[in-house]
Amino acid sequence: MLIKRDVDEVIIQGDYMSGDRNTIASALRVHERLGVVILAPEGNLKTALELQSLYKSAAGANRVAIHQVRLMRRNSEDAVKADYKAIDRYVHGKGPCPRWIDKTVATNVRLQSATYGTRVVAGKFEHNAVAARDQLRVFWRLDQVVAKTGGRTQDLQPAVNAWLVNKGFREDRSYVFLFTKQAGWSMKADTRRPDDRLRVAEDRYAEKAHHFTSILTWRVLQERISRETSVIPVATGDDIGLVTTPTMVTFWEKDDWKKLLANVAIDQRSAQLGMWCYLAERFKGVSIIGMRSGMIEVPALLGIRTLYLEEKHNQQATRMARWIGTVPTFERQIVNTPPGIKQQVYWKEQSLRTDPRSVTYQHAVAQGGHLAGLAMGFSSKGLAEKKPGTLDSDSCAKAVATAVFGRGGLAPQISAGDFQLQASEFDSIIEWVKNTPKPAGATDAVHGSVVPQGPGGAAITSGTIIDCKRRDEIHQALMSERNIKKWSDFFASSDYLKSIGIGS
């Protein structure tokens, strides 16, 4: 039980709230009288134990606890969400305090909702931003990581540096990390065949799916940053098809990263944030761009210049806005609508569930007209039961086409521009990128770096020096050629094909 001797107030968090974990850990680090309770379904504590391990490293065992939620014929997630909502209502004065929490938190300790960590961090940065940043760097830094055997600590920073160098990073260049996020996959019940399961993308079900990354928008940003600035774009995060040099896409799944962590006891997310801490302290020309996401919050707290994109009239805007003007490296770009087709469909559906008098509802009506008729998938209700590939009649084929595309024929033409950022929004982001700090020794005539090639074109994966002068000259020539050719001509050119490893 968490008691007054150790804590004055306690954050209550559901185990499904993965996006809040890094900020809560940071809040625990900067507030020595703050605790946290993780709500988890009885009999399934895997996620809660992972969170507990992270939080104990920030606050110690006396300020962290797990509360097992009774299921009472509910599924695990619904049960945890219901109990968290009961706490949240109490915290905001909309309901009584649930008595079951008394088993885990003393009655004279104040309860707080999961978003309270953001407010705690804001207060510390407002009081002394440099001290708060340095305190968090000490926490996330990889200089004292406990070994798996022997109990001794290791300094992983030299290994992280070598890993970055082998990926093509140099301290005398400027980089902007394009943070990419998408849903995973899960198994859902097949409504047509109750005994079967379907593997489906979680985009339609995940919370905040409108903040998954639009590949079209990120490719436009990548191209414009490469063409108009001397800052090097780096794809970072989930694999959405964005290719850059260097790249940080799903780096945590690669063998070289796993090897780096093979002999130490550290959770994967903490190790990733330790890598960002190293970048913040050693690389002076670094920025991050991403949709609103908890994963880019800690890099901003560590001192990395960060811009997050958020649609106008977002219902949760207040929480992250607390850091704007308080955390010096945290900035926001408000966009008219979230970029992406699936993202906009989800955004409109969610917005239209609000009060019709609200600005959120009215904005979705005004800006979402082009989405009429679009849906995240379609229902097969009323269609004859058919196995895949057995559309044996014109009428059946027409029924399927109508279910997918509507009665007006194939999907009506909608401009791709309706699903992108507005021109002024793109321009504003590019200007922000141009202000990425330029480290000592950097010039305006560099655009990329790669692991060097040896005889025969084989990649050199070891060594400490990377000479990219020739690479930069080739890249500059390609950029100049791109500016004077049509896109179709450029992508068909032998120079371009050679640059991506096709042809000779």
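The model is predicted, so local features need pLDDT of at least 70 and side-chain atom pairs count only at pLDDT 80 or more, while totals for chains, interfaces and linings use all residues. Residues are numbered from 1 along each chain as its sequence is written, and side-chain values use heavy atoms, with hydrogens and water left out.

Colour next by secondary structure: the chain has 18 helices and 14 strands, taken as DSSP runs (helices H or I, at least four residues; strands E, at least two) and numbered from the N terminus. Of the 504 residues, 46% count as buried, a term that stands for under 20% relative accessible area, with exposed over 50% and partly exposed in between (1.4 Å probe, protein chains only).

Now select residues 305-311, which form strand 13; seven of the seven are buried, so this strand is largely enclosed by the rest of the structure.

Strand 12 (residues 286-291) pairs with strand 13 in the parallel sense over five bridges, and I288 has T306 of strand 13 as its bridge partner. Strand 14 (residues 330-335) also pairs with strand 13 in the parallel sense, over six bridges, and here the bridge partner of E310 is I334.

Key
Pairing = 2+ DSSP bridges.
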